Amino acid sequence: MATINSHYLTLASGYLFPEIGRRVAQYREQNPQARIIRLGIGDVTRPLPQVVVDAAKAAFDEMALASSFKGYGPEQGYTFLREAIAVNEYASRGVAITPDEIFVSDGAKCDTGNIQELFDARCRIAITDPVYPVYVDSQVMAGRAGERDQAGRYDQLVYLPALPENGFLPELPAKKIDVVYLCFPNNPTGVVAPLSYLKMWVDFALQNDVIILFDAAYEAFITDQTIPHSIFEIEGAKNCAIEFRSFSKKAGFTGTRCAFTVVPKDLMGRDGEGHEVPIHPLWLRRQTTKFNGVSYPVQRAAEACYTPEGQRQIQETINYYLENARLIRQGLLKCGFSVSGGVNAPYLWFKAPVASSWDYFNHLLHTANVVTTPGAGFGACGEGFMRLSAFGDRADVEEAMERISGIPASG
Ligand SMILES: *Cc1c(COP(=O)(O)O)cnc(C)c1O
């Protein structure tokens, strides 16, 4: 029998969403008449923009003819898409990223999980707490996280608390680290990073030989002109950062799959002797070995996001979600909750009036028939907080907020 990778056995069971599902199913069984509203899910609900669908259909028609059929494409992505990304996401903001620094992929989840393969097993990894669980679990699988304690924390990871005291913007680590994952606009707190905050991290990274893994999956929700969309808007970031982007939340691609990662050519790591080694060729080697590219029709669909009509349709959907977020925020504030996010982000994070976020999850499910996400599922510092998402239907959002305002604050 094959001996398994024992690091998988130290993973905490991926129990957050299954446990939510179990509790909702149980409640539904006992209360079949209840109309349950889900404000917890991190998936989009609005359809793809029509120009995106049209582009995909046209591309499939090309696949139907021998003269325009396409087999394997370039592993890094078609040039037409990488050029469109370089122009529309970066040059438009005064950032010089070349198409060959862009790697098209089928998701920011895989890229944020796979990137750690490039780093030594002894690298010290810092993550925020609460956090998107992928960053943690991929370190555990690689054997870089160490032992898990009672609170669910791994002894070889460096946790950076995001709490009301620091405005959910973690301070720089006191310990030596090699790599840090940052995500802004943040999932789960909904907080955005001002330019000065990102500059603090870039300066720190340059001075301390740290690589920043910057997840900007939600940048499309930024409406405030002063908030950077990209880490590369900060001077020096091309020497210390990798950026992850996705069409998932931006353009409704969660079920269509397209994302991209930017690895600057100037970014260096070190080999065992301390000599500088460029990271870009390593990621290229990794992707060309283990990944065979995103399908041609999907890359054409992603390209269509950058047409004027595509941009308009995408913005319309983003505005719809942002209005949901505004309504949720307003409703929570009216109830007297202390709320972050919901502005420049599709998530809202609020302090539960009881100590346990699972208890408050139950309270909201039972009294308001509203499904939320308990903050404890995102890390020890998430305990006592709840995440709401603005990805739902407008009428559901309005009704959910009406119900929440009509129930006793705690059970
Ligand atoms: C949704 C999400 C992503 C996007 O993942 P895809 O694989 O591109 O769908 C990335 N990072 C965070 C924090 C997310 O919430």
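**A tour of the ligand site and a helix pair**

Begin by selecting Asp-215 together with the ligand: a polar side-chain atom of this residue lies 2.7 Å from a nitrogen atom of the ligand. The model on display is predicted.

An N or O atom in the Ser-248 side chain is 2.6 Å from an oxygen atom of the ligand. Then show the backbone of Lys-109, where a polar atom is 2.9 Å from an oxygen atom of the ligand.

Now widen the selection to the 14 residues around the ligand, of which Asp-215, Tyr-218, Ser-246, Ser-248 and Lys-249 come nearest. Coloured by class, this shell shows 6 nonpolar, 4 polar and 4 charged residues. Two helices to highlight here are α4 (108-114) and α7 (247-251), each of which supplies at least two residues of the shell.

From α2, select Val-51, Val-52, Ala-55, Ala-56, Ala-59, Phe-60, Glu-62 and Met-63; they meet Tyr-296, Pro-297, Arg-300, Ala-301 and Ala-304 of α9. Which classes of residue make up the contact of α2 with α9? It has 11 nonpolar residues, 2 charged residues and no polar ones.

Terms used
Residues numbered from 1 in each chain as written. Predicted model: local features only at pLDDT ≥ 70, side-chain atom pairs only at ≥ 80, totals over all residues. Heavy atoms only, no water. Near = heavy atom within 4 Å. Polar contact = N/O pair within 3.5 Å; in protein donor to acceptor, adjacent residues only side chain to side chain. Helix = DSSP H or I, 4+ residues; strand = E, 2+ residues; numbered from the N terminus. Nonpolar A, V, L, I, M, F, W, Y, C, P; charged D, E, K, R; others polar. Contact = heavy atoms within 4.5 Å.
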